[in-house]
Amino acid sequence: MPAITVDNLTKSYGQTLALDDLSFDVEEGEVFGFLGPNGAGKSTTINVLLDFVRPTAGQVQVLGLDAQAHSREIRSRTGVLPEGYQAYNRLTGRQHLEFAIESKGVDDDPEALLERVDLADAIDKKAGGYSKGMSQRLMLAMALVGEPDLLILDEPSTGLDPNGAREMREIVREENERGATVFFSSHIMEQVEAVCDRVGILREGEMVAVDSVEGLRDSVSGGEALRVTVDRIDDDALHAVRSLPDVSDAAVESENPPTIAVQVDGSKTAVLSTLEDHGIEVEDFSTTEASLDDVFQSYTTGVQA
Ligand SMILES: Nc1ncnc2c1ncn2[C@@H]1O[C@H](COP(=O)(O)OP(=O)(O)OP(=O)(O)O)[C@@H](O)[C@H]1O
């Protein structure tokens, strides 16, 4: 049984179509990365999963239950780290945890939870004095209360420094090993790559790809980027390169030194000779595996293999 099933989900806010006939599944026990640029519809999807927002059309099941009819049970079995959630300034870390523990009707130990997110030292300090990263850790600890079957983390690395982001990924792994399904939204590909079994890429309310990070890389121009340093940038030459049959994208990567990045699946010689035919001098070139940014860009800007 999938942990999440989204079927033909559409959500309009007035004239704005936030989700457009969206369908995907998240398997039980999976860490699923939900990736998309700002405004793609990630938070809207999460809000529908938790019944904070009603769909315009379509069905959503979470943990085998209808998201609208059984939202209370779903929320009791789900740990949520919402995006941009504010802590209560006048309550301490411990009081936040006590509140979450009581709401879920469990008997977790606030100290142990704060220990896990490396916040035990600040347990009796008021959250008003917490830094952004500390608040984010506190919210993560609250999401972990009651060993949820499903963790929904909306942009969990916001405000975390690299150490905090690494610890967050470790917690995701631990929770997954315990058996939790993790649904993890982000616009940072690297965060997703490190922990996710599969990634879905959302663009303008539509899922444009669902695959493993490896699979996504392979699907973008055979996974290779050609970087060419030239004596000057020339729009006509760039256009000619883009028109080559094996090229899915060509863009200026840097002005100094003039460098273009070409997504190519096939003959690289054709790229170099096309540039030369336009009177451009090729000073250097290298090939690299498509970076995660290339993959993300390819799927979210409309230029794709
Ligand atoms: N309550 C609302 N009323 C009107 N429009 C909304 C509302 N919530 C979201 N939208 C619109 O729906 C679209 C999707 O927004 P959503 O917040 O779901 O995207 P997102 O992928 O989570 O973006 P971000 O990465 O910036 O958080 C956007 O065009 C947004 O302006």
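An open sheet of four strands, ordered β2-β1-β4-β5, is built with antiparallel pairing; two strands are taken to pair if DSSP finds at least two bridges between them. Strands β2 and β5 (65–66) stand at the edges, each with a single partner strand, so one side of each is left without a neighbour in the sheet. This is a predicted model, in which local features need pLDDT of at least 70 and side-chain atom pairs count only at pLDDT 80 or more, whereas totals for chains, interfaces and linings use all residues. Residues are numbered from 1 along each chain as its sequence is written. Helices (H or I, at least four residues) and strands (E, at least two) are DSSP runs, numbered from the N terminus.

**Pairing within the open sheet**

- Strand β1 is joined to strand β4 (residues 57–62) by five bridges, and the two run antiparallel.
- Across this pairing, T5 stands opposite Q61 in β4, and T10 stands opposite A57 in β4.
- Strands β4 and β5 also run antiparallel, joined by two bridges, with V62 opposite L65 in β5.
- A hairpin is formed by β4 and β5 with two residues between them, and L63 in the turn has a positive phi of about 50°.

**Overall architecture**

- The chain has 11 helices and 14 strands, and its C-alpha trace spans about 70 × 45 × 35 Å along the principal axes.
- Domain 1 (2–217) and domain 2 (221–289) divide the chain, with bounds that come from an automatic or database domain assignment.
- The C-alpha centres of domain 1 and domain 2 are 40 Å apart.
- Of the 305 residues in the chain, 41% are buried; a residue is buried if 20 or more other C-beta atoms lie within 10 Å of its own, exposed if 12 or fewer, and partly exposed in between, with C-beta atoms placed from the backbone.
- Among contacts in the chain with a separation of 6 or more, 69% involve residues 24 or more positions apart; two residues are in contact if their C-beta atoms, placed from the backbone, lie within 7 Å.

**Nonpolar cores**

- In soluble globular proteins, nonpolar side chains tend to be buried together.
- A nonpolar core is defined as a set of buried Ala, Val, Leu, Ile, Met, Phe, Trp, Tyr and Cys residues joined through C-beta atoms within 7 Å.
- The largest nonpolar core has 63 residues, of which L140, A141, A143, V182, F183 and F184 touch the most other members.
- Helix α5 (residues 132–144) gives the most to this core, contributing eight residues.
- A second, separate core comprises 16 residues, including A225, V230, V262 and V271.
- Apart from its neighbours within four places in sequence, A141 is in contact with L97, L113, L114, R116, V117 and L119.
- V172, found in helix α6 (residues 162–178), is buried, with 22 other C-beta atoms within 10 Å.
- Not counting residues up to four places away in sequence, V172 touches V31, V182, F184 and V195.
- V172 and L113 lie 59 residues apart in sequence, and their C-alpha atoms are 14 Å apart in space.

**Ligand surroundings**

- The ligand is surrounded by 13 residues, the closest being Y13, A18, N38, S43 and T44; a residue is near a molecule or strand if its C-beta atom, placed from the backbone, lies within 6 Å of it.
- Strand β2 (16–27) and helix α1 (42–49) each supply at least two residues of this shell, and the largest share, three residues, comes from α1.
- By residue class, the shell divides into three nonpolar, eight polar and two charged residues; Ala, Val, Leu, Ile, Met, Phe, Trp, Tyr, Cys and Pro count as nonpolar, Asp, Glu, Lys and Arg as charged, and the others, Gly among them, as polar.

**Backbone exceptions**

- Most residues other than glycine have a negative phi, and most peptide bonds are trans.
- N8, found in strand β1 (residues 2–13), has a positive phi near 45° and counts as partly exposed because 14 C-beta neighbours lie inside 10 Å.
- E204 also has a positive phi near 45°; E204 lies in the loop between β9 (198–203) and β10 (206–211) and is partly exposed, with 16 other C-beta atoms within 10 Å.
- A cis peptide bond, with omega of about 0°, joins N256 and P257.
- P257 lies in the loop between β12 (247–255) and β13 (258–264).
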